[in-house]
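Visitor: I've just opened a new structure and I'd like to learn how to read it. Could you walk me through it?

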Amino acid sequence: MIIVVRDEDASKENLRILHELGHVFLHSMCIGFYQMDDVVVRKKEREAQTFATLVLFPSLDNFETEKEFILRSGLPEQTAKLRINFFRKTGI
Ligand SMILES: [Zn+2]
C-alpha cells in the first residue's frame, strides 16, 4: 500500500507517488529495508527518484540543454539532475 499526503501542487504529489511506485518496482524483493546502511538506503532512494523522473520524462528530446531541463521540468533541481545523470549514463 502506498499512502501519499495530498499536496496542492499536483506535480509534487505525482512525483511522490511515482517515487513510491519506483520502490515497488525496483525494490520489492528487498526485505528489511530499515536494516540497510545509509549508503544503500540513499542509493535506493536515488533509484526510486530516478524511476519517477523517467516516467515523467521518458525523453529529454524537448530540451536543448541540461539547464533548460532543470528550469522547465518543474522538478526539484536535485531530482532533475538525477534524470540528467541517467541520460548521461545511458543516452536515454
Ligand atoms: Zn523513497
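Visitor: Where do I start with contacts: what share of those with a separation of 6 or more is between residues 24 or more positions apart?

Guide: This is a predicted model, and in its chain 55% of the contacts with a separation of 6 or more come from residues 24 or more positions apart.

Visitor: And which elements does the chain have?

Guide: You'll find 4 helices and 0 strands. Reading from the N terminus, the order is α-α-α-α. The C-alpha trace spans about 40 × 35 × 20 Å along its principal axes, and 17% of the 92 residues count as buried.

Visitor: How do I read the buried residues of a helix, say H1? Which ones are they?

Guide: Start with the general idea: an α-helix has 3.6 residues a turn, so residues three or four places apart point the same way. Now the case here: Leu-15, His-19 and Gly-22 are the buried ones in H1. Their arc around the axis is only 55°, so they sit on the same side of H1. Ala-10 and Val-24, on the other side of H1, are exposed. As for what covers the buried residues of H1, that includes helix H2 (38-56).

Visitor: What about two helices that meet, such as H2 and H4? At roughly what angle do their axes cross?

Guide: In general, two packed helices are described by the angle between their axes and the distance between the axes. Here, the axes of H2 and H4 (residues 77-90) cross at roughly 80° and come within 9 Å. That angle is why H2 counts as roughly perpendicular to H4. On the H2 side, the contact is made by Arg-46, Gln-49, Thr-50, Thr-53 and Leu-54, and on the H4 side by Thr-79, Leu-82, Arg-83 and Phe-86. Sort the residues of this contact and you get 3 nonpolar, 4 polar and 2 charged.

Visitor: Let's stay with H4. How far apart should its ends be?

Guide: Count 1.5 Å a residue: the 14 residues of H4 should span 20 Å, and the end C-alpha atoms are 20 Å apart, so the two agree.

Visitor: Which residues of H4 are buried, and which face away from them?

Guide: Thr-79, Ala-80, Leu-82 and Arg-83 are buried in H4. They cover an arc of only 150° around the axis, which puts them on the same side of H4. Turned away from that buried side are the exposed residues Glu-77, Gln-78, Arg-88 and Lys-89. H2 and helix H3 (66-72) are among what covers the buried residues of H4.

Visitor: And what comes just after H4?

Guide: There, Gly-91 takes a positive phi of about 80°.

Definitions and conventions. Residues are numbered from 1 along each chain as its sequence is written. This is a predicted model: local features need pLDDT of at least 70, side-chain atom pairs count only at pLDDT 80 or more; totals for chains, interfaces and linings use all residues. A residue is buried if 20 or more other C-beta atoms lie within 10 Å of its own, exposed if 12 or fewer, and partly exposed in between; C-beta atoms are placed from the backbone. The arc is that of the directions from the helix axis to the C-beta atoms. Two residues are in contact if their C-beta atoms, placed from the backbone, lie within 7 Å. Axes are lines fitted to C-alpha atoms, for helices over the stretch in contact, and angles run from 0 to 180 degrees between N-to-C directions. Angles under 35 degrees count as roughly parallel, over 145 as roughly antiparallel, 65 to 115 as roughly perpendicular and the rest as oblique. Ala, Val, Leu, Ile, Met, Phe, Trp, Tyr, Cys and Pro count as nonpolar, Asp, Glu, Lys and Arg as charged, and the others, Gly among them, as polar. The expected span of a helix is 1.5 Å times one less than its number of residues.
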